[in-house]
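Colleague: Please show me the model. I have some questions about single positions in it.

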Amino acid sequence: MAQFNLQNVEDFYEIGEILGSGHFGQVRELRERASGVSWAGKFVKLRRSVSSRLGLERKSVEREVEILQALQHTNIMALKDVFESRAEVVIVVELIRGGELFDFVAEKENLTEIEAIEFLKQILKGVAFMHSKQIAHFDLKPENIMLSDKKVEHPEIKIIDFGLAQRLTPGEEYRSLCGTPQYIGPEVINYEPLSVVLYLLLSGLSPFQGDTDEETLRNIVDMKYEFEEQYFSQTSDMAKDFIEKLLIKEPSERMTAEECLLHPWIKPLTRKQAANRSRSSINMKNFKKFNARRKWRMSYNMVWACNRLCRLQLLCKRAKEDEELRSCESDQEDIETKPASLIRRRLSSSS
Ligand code: ATP
């Protein structure tokens with residue numbers, strides 16, 4: 001079992017404002033008392049018992065920490081320290097001030113493919129590094145792609161949230177999210193939905209979106225998508241080719257992150273290829289619409305999760321009160337049925 005720092009986090013860091021929250025707790029700004037440097041602290045509530053549905057198993061926190069330790073790369077959020085108390089673990093990481101990449105892009109008037117590629121290249125470098133360490137993120141989505149600082153000329157990408165990441169040992173089984181054991185072939189690592197993130201960025205559309213959830217699921221399973229002219233009229237053929245080489249049903253045939261970095265859309269070989277990218281741009285109008293809907297869905301989910309948590313806490317409180325009431329009632333029954341000497345002994349031992 002990994003040993004975390006058992007000292008009190010507040011002895012070393014001043015706890016500041018909330019930066020975000022996730023399923024298992026909050027992320028807050030931390031100011032290191034000794035140096036005055038700011039960090040971010042992910043406060044994760046630990047599961048108290050096997051049967052509890054609240055909090056995270058210590059084993060899962062250990063996995064997230066162990067993975068972060070192995071991933072020291074400019075485009076991946078860096079780990080600084082880990083503190084542990086009875087009820088929670090605080091994972092101290094580098095503070096990422098620039099917000100989400102998608103929000104940054106949505107604020108712009110326009111974005112050429114060259115500018116989008118600059119970001120994509122950094123995401124690919126982070127992912128390629130991860131994969132070189134046999135680690136898959138498994139939760140690459142717009143919310144987990146952040147910028148270290150959006151005010152600089154060339155903002156730096158930081159991939160965050162390794163809560164679902166897995167170290168994959170070829171030939172060994174691992175448990176997928178739905179709990180079923182899966183055999184790891186070399187292609188499993190190619191499951192990262194990078195192509196979906198890119199398709200969204202270029203068009204503001206989700207590639208497999210159907211009219212119903214069922215249709216969407218079927219499209220995903222069949223890898224059925226198209227480049228609708230009304231959304232992709234500003235997109236270069238090279239960008240489409242790039243997506244096509246990723247959105248392939250058979251994972252072993254998809255480009256790896258390393259191969260992506262060598263595709264001519266990312267690394268043009270001729271002047272013509274390079275020029276194509278500066279003439280093409282992302283569909284800003286649709287992207288802004290998509291991002292606004294995404295933000296709305298996120299806040300809706302957050303309200304839903306808060307309500308659910310409040311209901312759960314209320315239920316726990318009621319169950320505790322019921323239990324207390326029942327134990328009072330049984331004491332009362334005791335008083336009514338047991339001999340006086342026995343009751344005196346019990347009362348004196350509990351006082
Ligand atoms: P989820 O429920 O999405 O899996 P989580 O509990 O694993 O979330 P994170 O995704 O790691 O938590 O963090 C939640 C939010 O906190 C992020 O969406 C982001 O807004 C913010 N955040 C996380 N890490 C940092 C950081 N290093 N610097 C600044 N903000 C951060």
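Colleague: In which loop is the place of Asp161?

Modeller: This is a predicted model, in which local features need pLDDT of at least 70, side-chain atom pairs count only at pLDDT 80 or more, and totals for chains, interfaces and linings use all residues. Residues are numbered from 1 along each chain as its sequence is written. Strands are DSSP runs of E of at least two residues and helices runs of H or I of at least four, numbered from the N terminus. Asp161 lies in the loop between β8 (157-159) and β9 (166-167).

Colleague: Is Asp161 buried or exposed?

Modeller: A residue is buried if 20 or more other C-beta atoms, placed from the backbone, lie within 10 Å of its own, exposed if 12 or fewer, and partly exposed in between. Asp161 has 20 other C-beta atoms within 10 Å, so it is buried.

Colleague: What is the phi of Asp161?

Modeller: Most residues other than glycine have a negative phi. Asp161 is not a glycine, yet its phi is positive, at about 60°.

Colleague: Which residues does Lys42 touch, not counting those up to four places away in sequence?

Modeller: Lys42 sits in strand β3 (residues 38-45) and is buried because it has 26 C-beta neighbours inside 10 Å. Contact requires C-beta atoms, placed from the backbone, within 7 Å of each other. With residues up to four places away in sequence left out, Lys42 touches Gly25, Val27, Ile91 and Val93.

How values were computed. Two residues are in contact if their C-beta atoms, placed from the backbone, lie within 7 Å.
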